[in-house]
Amino acid sequence: MESKSNTFSSIPILDYSLLSTPDGHAKFVEQLRHALIHVGFLYLSHPPVSQEDMNALIEYTPRLFELPQEEKNKIRMANSPHFFGYSRFGAELTKGKTDQREQFDFGTPYENQWKPGEPEYLKLWGPPQWPSDELIPGFKETYLRYLSQVEQLSYEFIALIAEAFEISEDALSPFFNGGTKPNPGLMQHRSKIVKYPARKEGESDQGVGPHFDGGFLTFLLQASDHPGLQVQNLAGEWIDAPPIPGTFVVNLGKALETVTQGLARATSHRVLSPVPGSTPRYSIPFFQNIAQGVCIGDLVLDFKPEILKLKDSRGQVGATDSVNYTEYGQYPTGYVNLIGRVKSHPDVAEKHYPNMFKQFFPQGLPAQGSAY
């Protein structure tokens, strides 16, 4: 839905089941093209991911945070040069301010292949840390099965984006180390399980501050019925994206915006903490990565003039509260992502990337990153 000012006032809902018929497929691609150019966010209903696995993961989520603190600390993120593991409440920064959330970072299976002398950013991918299966039986198996399905969906979506923009799917394969299908060992994608506790009276409502996502696509499973996710439209207004059961929220990252010459739109978004007295909000985002060695400024895609002209109808983007990932186009993607991680998790950077830590935190560790 769009207002007279040519900016959106709600998030469109696309039905994946439309793809099962030729007419439905054409309708879906047309709706997708509009969402890519004008909104940068969409709901995806009837996704090709097992509802049973989605429900099981949602049920596991509160139990994960109820693990004893000493067990959570055993897999704290500071152990991992790959920035996987547990982050206590208030340990992450966005735009230099503390995010009021507790989280676990996980990823698809990957064995690190970094060797001394190679760029440090190649250390960023590697094996996740997992809680003991004795403490939360079946969680790892369920989550990995879920991640495999969402990874497959993310590649199918890349093919649909190529179709919507009338380019070859092969044009996007360099961004995935030569493939646009799941291939163990080629790529690693990330996921989080996040808890936003209800804020106390007088406390900051920054669950996570305004930001862009970095890669191509994010698939968010909103794992409780709390509102809180908000998306910033062209006029700078914050639009609610409340949970809709059985859907993913899909949004575009800054890398996709860059390589499409701004045709696809990365949209600023934030999460507000639940109101005082509420139960916690839970969410499970999946972040589709692109190849670490790609400098996306060198791989900008070519489009038919009539396709590129479609973005002119969008109008100019107004004020935005997000400033991250401005380095895209200048450096390899892996380095850009490492910069983002270092800024968000200074305690991990201090231990595993000391030179970059000193570069971004010359005064030392901020208070919220110093104690566990």
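Student: Which side chain meets that of Arg190 in a salt bridge?
Tutor: Arg190 meets the side chain of Asp105, with 3.7 Å from N to O. A salt bridge here is a side-chain nitrogen of Lys or Arg within 4 Å of a carboxyl oxygen of Asp or Glu. Please note that this is a predicted model, in which local features need pLDDT of at least 70 and side-chain atom pairs count only at pLDDT 80 or more, while totals for chains, interfaces and linings use all residues. Residues are numbered from 1 along each chain as its sequence is written, and side-chain values use heavy atoms, leaving out hydrogens and water.

Student: How many salt bridges does the count come to?
Tutor: The count comes to 11 salt bridges. One of them joins Asp53 to Arg145, where the closest N and O atoms are 3.0 Å apart. This pair links distant parts of the chain, with Asp53 in helix H2 (residues 51–65) and Arg145 in helix H4, 92 residues apart. Asp53 is buried at 8% relative accessible area, whereas Arg145 is partly exposed at 37%.

Student: What about Lys304, which side chain does it meet?
Tutor: Lys304 forms a salt bridge with Glu166, at 2.9 Å from N to O. Lys304 is in the loop between strand E14 (281–287) and helix H6 (305–308), and Glu166 is in the loop between H4 and E7, so the pair ties together parts that are 138 residues apart in sequence. Lys304 is partly exposed, with a relative accessible area of 38%. Glu166 is also partly exposed, with a relative accessible area of 38%. Elsewhere, salt bridges that share partners join Asp105, Arg190, Lys192 and Arg341 into one network.

Student: Changing topic: how many helices and strands are there in the protein?
Tutor: The protein has nine helices and 14 strands. Eight of the strands form an open sheet with mixed pairing, in the order E1-E2-E12-E9-E14-E7-E6-E3. Its edge strands, E1 (13–15) and E3 (85–87), each pair on one side only. Two strands pair if DSSP finds at least two bridges between them.

Student: What joins strands of a sheet in general?
Tutor: Strands of a sheet pair through backbone hydrogen bonds, either parallel or antiparallel.

Student: Which way do E2 and E12 run, parallel or antiparallel?
Tutor: Strand E2 (residues 41–45) and strand E12 (residues 247–252) run antiparallel and are joined by five bridges. Leu42 has Val250 in E12 as its bridge partner, and Tyr43 has Val249. Strand E9 (residues 217–222) also pairs with E12 in the antiparallel sense, over four bridges. There, Leu217 stands opposite Leu252 in E12.

Student: Why is E12 largely enclosed?
Tutor: Six of the six residues of E12 are buried, so the strand is largely enclosed by the rest of the structure. Thr247, Val249 and Asn251 point one way, and Phe248, Val250 and Leu252 point the other way. In a regular strand the side chains alternate between the two faces of the sheet.

Student: What order do the strands take in the sheet of four?
Tutor: The order in that open sheet is E8-E13-E10-E11, with antiparallel pairing. The edge strands are E8 (206–211) and E11 (238–240), and each pairs on one side only.

Student: Last topic: which residues touch the most other members of the largest nonpolar core?
Tutor: They are Tyr146, Phe157, Phe216 and Phe248, in a core of 82 residues. Helix H4 (residues 139–164) gives the most to this core, with 13 residues. A nonpolar core is a set of buried Ala, Val, Leu, Ile, Met, Phe, Trp, Tyr and Cys residues joined through side-chain atoms within 4.5 Å.

Terms used. Helix = DSSP H or I, 4+ residues; strand = E, 2+ residues; numbered from the N terminus. Buried < 20%, exposed > 50% of the residue type's maximum accessible area, 1.4 Å probe, protein only.
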